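Visitor: I would like to learn how to read a ligand shell, a domain interface and a nonpolar core from a model. Please take them in turn.

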Amino acid sequence: MDRKDFHMLLEERAGELGFAQLGVVRAEDMSTDLGVLEDSISKGYHAAMTYLERNHHIRKEPALLLEGTKSIVVTITSYKPADRQPAGKPGIASYAYGLDYHIVLKKRLNDLASLICDHHSGTTFRVFTDSAPIFERSLAVKAGLGFIGKNTFLINPHHGLHTLIGVIITNQELYYPDYGKKGKNLCGSCTRCLDACPSKALRDPFVMDARRCISYQTIEDNRLYDPAKDYHTRSGMVFGCDICMDACPWSRKGDVTPIEEFRHLRLSDGMLVTHMDRAQWKKIDSHFFKQEFKNSPLFRPGLEKLINNIDYELANQSGNRSAQGEDPV
Ligand code: B12
């Protein structure tokens, strides 16, 4: 089978596995992207995510992740939910309604990579999703999967913004389609994402200050905030944030996810996680949390942080603040 035919087979298998689209690129130097990251770090926009300061040699040359790397297969998968969370509940970002995508996608990426192994002897490969020091969004652009929007999302004109990126690197020479001008920015003069962000985390088009980002504050920032002091609004969100995504007109594009594991997680007591109110959250103990949430993205910050996020947001909504809080940035 020639390379082009194999590419079609790869696309077909990806579709069967639930991926929305894939692209294949040669492993190349990513110095320009590293420059963007270095600039962001010099301004402190990476907050306390010190892992973004490390392994820059690998970010620049992703081929270092696997000896003899030639190709990078980049995939996008939709997590677009059929139903959004009911209003008034502690807000959860839609990528976290179901099971953790790191688990869900890695399995599918491995299945897809098996096809490369089956057709090419001596194949070596590694799969990543959010798990290696690589510029996934930029790789996706190079692989013809969309453009970077002013909210820093990878935006795909057909599949929208509710997409997660997964990558396979391999030592095999594959077919490299010409993606031409597919990465051309289509935001035009629209600034809805910047206008919508309640904490002004998007300082400028394409520039995200994670210190202000609700997603960062509620997931990655392991400090507990004092509900009486800090005053940043989080607009009801207690885990992650979809506000700059929902504001984007392109987010109306894309089909509901075909992946069952991304459906709203139902706990053993019958309750949907997305339907839980504050009182129900407060009743959870650490044993139950461990049992029921171990495969959910909500496990990452831990129960104490989640409850703090909920208390903080309640204080926000009830105006129960001293208004002495300092803007952290
Ligand atoms: C750190 C991180 C975060 C941080 C910082 C986000 C950020 N914007 O930098 C925080 C915790 C805030 C975060 C939040 C979210 N994240 Co996150 N995150 C990452 C992670 C691990 C690294 C990103 C990174 O390197 N940032 C540093 C900046 C400099 O790099 P970058 O964002 O990739 O930007 C590149 C391009 O945009 C380009 N670029 C920058 N400016 C410009 C300007 C122009 C004109 C052009 C053309 C290009 C360009 O250069 C940069 C370097 O290549 C990636 C996984 C990965 N390994 O890539 C996931 C990832 C970016 N996150 C993802 C998701 C889903 C989210 C959330 C939606 C989760 C949520 N609902 O709460 C939010 C979205 C917030 C937002 N507006 O970005 C997805 C994004 C998928 C997509 N369709 O874009 C990724 C790719 C994970 C995955 N495997 O799917 N995230």
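Guide: Helices here are DSSP runs of H or I with at least four residues, numbered from the N terminus. The model is a predicted one.

Visitor: Which helix gives the most to the shell around the ligand?

Guide: Helix 2 does, with four residues. Helix 2 spans 31–42, and at least two shell residues also come from each of helix 5 (136–142), strand 7 (163–170) and helix 7 (214–220). Of the 35 residues around the ligand, the nearest are Asp-33, Ala-93, Ser-138, Ser-215 and Gly-240. By class, the shell holds 21 nonpolar, eight polar and six charged residues.

Visitor: How does the domain assignment divide the protein?

Guide: Domain 1 is 3–84 + 95–170, and domain 2 is 192–251 + 264–318. Their centres, taken over C-alpha atoms, are 25 Å apart. At the interface, 23 residues of domain 1 are in contact with 26 residues of domain 2. The side of domain 1 that touches domain 2 has 13 nonpolar, eight polar and two charged residues. Each domain also supplies at least three residues to the shell around the ligand.

Visitor: Which residues touch the most other members of the largest nonpolar core?

Guide: First the general idea: in soluble globular proteins, nonpolar side chains tend to be buried together. In this case the core has 72 residues, and Val-74, Ala-140, Val-167, Ile-168 and Phe-239 touch the most other members. Helix 4 (residues 101–119) provides the largest share, seven residues. Both domain 1 and domain 2 contribute at least three residues each to this core.

Visitor: What does Phe-239 touch, leaving out residues up to four places away in sequence?

Guide: Its contacts include Ile-92, Ala-93, Ala-96, Leu-298 and Asn-309. Ala-93 is also among the residues that come nearest to the ligand.

Terms used:
Residues are numbered from 1 along each chain as its sequence is written. This is a predicted model: local features need pLDDT of at least 70, side-chain atom pairs count only at pLDDT 80 or more; totals for chains, interfaces and linings use all residues. A residue is near a molecule or strand if its C-beta atom, placed from the backbone, lies within 6 Å of it. Ala, Val, Leu, Ile, Met, Phe, Trp, Tyr, Cys and Pro count as nonpolar, Asp, Glu, Lys and Arg as charged, and the others, Gly among them, as polar. Domain bounds come from an automatic or database domain assignment. Two residues are in contact if their C-beta atoms, placed from the backbone, lie within 7 Å. A nonpolar core is a set of buried Ala, Val, Leu, Ile, Met, Phe, Trp, Tyr and Cys residues joined through C-beta atoms within 7 Å. A residue is buried if 20 or more other C-beta atoms lie within 10 Å of its own, exposed if 12 or fewer, and partly exposed in between; C-beta atoms are placed from the backbone.
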